[in-house]
Amino acid sequence: MILGIFIGIAAIFVVYLSFHKVNLFTGSYTFVGLENYLRLFTDETARKALTNTLSFSVVVVPCQTIIALIIASVLNSKIRGKYFFRTVYFLPTLTSSSALTIIFMFMFSVTGPINMMLIRAGILPAGGGFFPFR
């Protein structure tokens, strides 16, 4: 129910926005009626974006779904080395998380670039950090 409320409100707001010209700098909404929809079919950039989205939806999504189902059924079958292949298949997920963790640990370490920049700006005390407990 809560998910339906959020999706419903977002969908109604999108329909509302489609009939308005929105200026995000001033926060103004000017009613233009069907002008946005007419421009959708006459503007070359919009037509190209619509064509790219349609071709992506028709080609890539079914191919990825079929390949994913094939991989899932193979990894769920009784083949030799099933656990090895599951590990190899899942390994990129773990390595990207580990790499991000290492990068953020370096960036926010006491001698890392973020803390050094804050120390040079005078926001942090030299050799300190945000942690008063040592």
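Phe-84, at 53% relative accessibility, counts as exposed (over 50% relative accessible area; buried is under 20% and partly exposed lies in between, with a 1.4 Å probe and protein chains only). The model is predicted, so local features need pLDDT of at least 70 and side-chain atom pairs count only at pLDDT 80 or more, whereas totals for chains, interfaces and linings use all residues. Residues are numbered from 1 along each chain as its sequence is written, and side-chain values use heavy atoms, with hydrogens and water left out.

Five aromatic pairs are found in a search of the whole structure (rings of Phe, Tyr and Trp, the last by its six-membered ring, with centres within 6.5 Å; planes under 30 degrees apart are stacked, over 60 edge-to-face and the rest tilted). In one of them, the ring centres of Phe-13 and Tyr-16 are 6.0 Å apart and the planes stand at 20 degrees, so this pair is stacked. Phe-13 and Tyr-16 are three residues apart in helix α1 (residues 2-18), and therefore separated by about one helical turn. Helices here are DSSP runs of H or I with at least four residues, and strands are runs of E with at least two, numbered from the N terminus. Both residues are partly exposed, Phe-13 at 40% relative accessibility and Tyr-16 at 39%. An edge-to-face pair is formed by Phe-84 and Phe-85, 5.5 Å centre to centre with 65 degrees between the planes. Phe-85 has a relative accessible area of 41% and is partly exposed. Phe-13 and Tyr-16 also belong, with Tyr-29, to one aromatic cluster.

Helices α3 (44-75) and α4 (82-107) each supply at least two residues of the patch. Val-74 lies in α3 and is partly exposed, with a relative accessible area of 39%.

Helix α3 has 32 residues and reaches 45 Å from its first C-alpha to its last, close to the expected 46 Å (1.5 Å times one less than the number of residues). A bend of about 30 degrees occurs in α3 at Ser-57, the bend being the angle between axes fitted to the seven residues ending at a residue and the seven starting there. The structure holds one salt bridge (a side-chain nitrogen of Lys or Arg within 4 Å of a carboxyl oxygen of Asp or Glu). This contact joins the side chains of Arg-47 and Glu-44, at 3.0 Å from N to O. The two residues lie three apart in α3, about one turn of the helix. Arg-47 is partly exposed, with a relative accessible area of 36%.

Helix α4 has 26 residues, which should span 38 Å at 1.5 Å a residue; the end C-alpha atoms are 38 Å apart, in agreement. A bend of about 40 degrees is found in α4 at Phe-90, and a proline, Pro-92, follows within four residues. Thr-101 is located in α4 and is partly exposed, with a relative accessible area of 43%. Thr-101 and Ala-46 are 55 residues apart in sequence, and their C-alpha atoms are 39 Å apart in space.
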